[in-house]
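Here are my notes on this one, point by point. Have the model open while you read.

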Amino acid sequence: MEPIIIEGTTKTPSVKFDAAQGVFELKGRSIPENSVEFYKPIIDWLDSYRDTPMDKTVVDIKLEYFNTSSSKCILDVFKKLEAIHKAKNSVEINWYYEEDDEDMLEAGEDYESIIRVPFKMIEINE
Amino acid sequence: MSFDIDSYLSERRPDDVILDFKGSVDSDFINNTLDAVEQRMVDLDEPPKLKKKVYNVLVEALQNLFHHVDSVPRDYEGGSGDRFGMLFISRDNGAYTIVTGNFILKEKIEKLEEKIKRINSSSKEEIKELYKFILNHQKISEKGGGGLGLVDIARKTGNRLKYLFEDYNESYSFFYLEIKINSKAD
């Protein structure tokens, strides 16, 4: 299956989901006014990946900012990953946050408490 | 928590004002404002933590206007359009204050005020739980809002939301919201 690759902009994150490697990355800023429109192709892609996932999927979330409207879409992405995990495949979410960015750490912990997938909180020191 | 816009504006020193805007809050305005305020904070050499809080809160405040403003009453001469709002940003002793204003149909006041009162009477922990509950249970509305903006603002700032509904005519009021971001965000 083809990877999904979307270049980042000042308001939307870069997306690199590689189905053949099982390595996914979401990076940058996610603050569009219409987040549903941006995330829809990603959600659809994950629905296809779910049919033939890799034994192990590693997801790196490296967000600098995200708005509340994206937060719901990101939850939808995680729910797709949760379904893959539930079907006995290994899924791991690495949640990166910058040193001292407690808001971003807390946001990761919110997801960790809702989604039944192993999370790792990783501090980035600049 | 009521808020007196006139005395608020008259107490600001011109040097403290970062932005004073009245007009259409469209996507371009949001982009330009975020860029300008971010650059200003870089120039002021603000601590990274404060920069992030202000940016995050400003995104939510602007997108709240974008998604929720009601159109301008016909007889209003101060502006027009579907997304008319006001935005005022000031900085005083390292703390930031963001004030937004927009017309609201009177029938919507009760629900909005109820929501703000609920947030203002909640503890830090309760706000966190409220955020998680809405995140997990509420769908994104047709307008694109997720119903999380105000909760997120209160959570990130740790401050109460100050607000005012100013009577305009029989159908409309003008809604002011004052958001304060402390210089040493905790």
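1. Chain B exposes about 9500 Å², and carbon and sulfur atoms supply 45% of that. These areas are Shrake-Rupley values with a 1.4 Å probe, and for residues only the protein chains shown count as cover.

2. Before going on, the ground rules: this is a predicted model, where local features need pLDDT of at least 70, side-chain atom pairs count only at pLDDT 80 or more, and totals for chains, interfaces and linings use all residues. Residues are numbered from 1 along each chain as its sequence is written, chains are lettered from A and ligands numbered from 1 in the order written, and side-chain values use heavy atoms, with hydrogens and water left out.

3. How does chain B's radius of gyration sit against that of a compact globule? With 186 residues the globule would be near 16 Å, and chain B has 16 Å, which agrees. (The radius is taken over C-alpha atoms; the globule rule is 2.2 Å times the number of residues to the power 0.38.) The C-alpha trace of chain B spans about 45 × 40 × 30 Å along its principal axes.

4. Of the 186 residues in chain B, 53% are buried, meaning under 20% relative accessible area with a 1.4 Å probe, protein chains only. Among chain B contacts (heavy atoms within 4.5 Å) with a separation of 6 or more, 73% are between residues 24 or more positions apart.

5. Chain B has 6 helices and 5 strands, in the order α-β-α-α-β-β-α-α-α-β-β from the N terminus on. Both kinds of element are DSSP runs numbered from the N terminus: helices are H or I with at least four residues, strands E with at least two.

6. Over in chain A, 6 strands make an open, mixed sheet ordered β1-β2-β3-β4-β5-β6; strands pair if DSSP finds at least two bridges between them. β1 (4-6) and β6 (119-124) of chain A are at the edges with a single partner strand each, so one side of each has no neighbour in the sheet. Twist from one strand to the next averages 15°.

7. β1(A) pairs with β2(A) (residues 14-18) in the antiparallel sense over 3 bridges. I5(A) has K16(A) in β2(A) as its bridge partner.

8. Now the helix pair between chains: the axes of α2(A) (residues 68-86) and α5(B) (residues 124-137) come within 9 Å and cross at roughly 60°. Axes are lines fitted to C-alpha atoms, for helices over the stretch in contact, and angles run from 0 to 180 degrees between N-to-C directions. In α2(A), T68(A), S71(A), K72(A), L75(A) and K79(A) meet Y131(B), I134(B), L135(B) and N136(B) of α5(B).

Notes
Buried < 20%, exposed > 50% of the residue type's maximum accessible area, 1.4 Å probe, protein only.
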